[in-house]
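Morning, everyone. Please bring the model up on your screens and keep it there while I talk.

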Amino acid sequence: MTERRAQIERNTGETQIKLDFTVDGEGKSELETGVPFLTHMLDLFTKHGHFDLSVNANGDTEVDDHHTTEDIGICLGHVIKEALGDKKGIRRYGNAFVPMDETLAQVVVDLSNRPHLEFRAEFPSQKVGTFDVELVHEFMWKLALEARMNLHIIVHYGHNTHHMIEAVFKALARALDEATSIDERVKGVPSTKGML
């Protein structure tokens, strides 16, 4: 099997990002995002999904974290799609429940080439440290859009916002790991259409 890996360099008037992603990795990350909470989330996403991820981002964080967070989501989605290529042999679907103390999060993924986000989470706080919690939705929507995946995120319960978001990123990692994994029983792509 060829290495499932992709890179992107994206430069705008607001951000400059270099990102490298390997599907079949070892959980290694090298992250310089300029957004500490996002760095923490991407680190555990990489570890729990058994991916390799390198991000070097410079953005206008003196304004706020919006552009950097959004553009990293765009870049990550893009490389996930590129790294999977024609998607032959993949499981396509992934589902993961992750508890984090008092929190239970669920993420369900379909690598369908039809982007959609369902986001069912009510966070009790608007910020975690300096990070605006609304950016979690922004990140996930851009990730789903660029990866062209159907992404359902449900936080069933919880009351600590940090725990809730962390459980979401861990569940995303595990669901995506399952969806991208190779199933030897799958001949071609897992769709009656003959393509994804």
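Predicted model: local features only at pLDDT ≥ 70, side-chain atom pairs only at ≥ 80, totals over all residues.

Residues are numbered from 1 along each chain as its sequence is written, and side-chain values use heavy atoms, with hydrogens and water left out.

Start with the sheet. Four strands form an open sheet, in the order β1-β2-β4-β3, with mixed pairing. Strands here are DSSP runs of E, at least two residues; helices are runs of H or I, at least four; both are numbered from the N terminus. Two strands pair if DSSP finds at least two bridges between them. At the edges sit β1 (5–11) and β3 (28–32), each pairing on one side only. β3 and β4 (residues 52–59) run parallel, joined by five bridges. Look at Leu31: Val55 in β4 stands opposite.

Now the helices. Helix α1 (residues 36–49) packs on the sheet and touches β2 (15–22), β3 and β4. Its direction makes about 165° with that of β3. Helix α2 lies across β1, β2 and β4, at about 35° to β2. Those angles run from 0 to 180 degrees between N-to-C directions, using lines fitted to C-alpha atoms, for helices over the stretch in contact.

Next, the core. What is a nonpolar core? It is a set of buried Ala, Val, Leu, Ile, Met, Phe, Trp, Tyr and Cys residues joined through side-chain atoms within 4.5 Å. Buried means under 20% relative accessible area, exposed over 50%, partly exposed in between, with a 1.4 Å probe and protein chains only. The largest core has 62 residues, and Leu19 and Phe21 are among those with the most contacts inside it. Helix α4 (residues 161–180) gives the largest share, eleven residues.

On to rings. There are five aromatic pairs. Rings of Phe, Tyr and Trp (its six-membered ring) pair if their centres lie within 6.5 Å; planes under 30 degrees apart are stacked, over 60 edge-to-face, the rest tilted. Phe45 and Phe51 have ring centres 5.2 Å apart and planes at 40°, so this pair is tilted. Ring pairs link Phe21, Phe45 and Phe51 into a cluster.

Last stop: Glu70, in helix α2 (residues 66–84). Is Glu70 buried or exposed? Buried, because its relative accessible area is 15%. Its side chain joins that of Lys142 in a polar contact of 2.3 Å. Such a contact is a pair of N or O atoms within 3.5 Å; within protein, one must be able to donate a hydrogen and the other to accept it, and residues adjacent in sequence count only if both atoms are side-chain atoms.

Conventions. Contact = heavy atoms within 4.5 Å.
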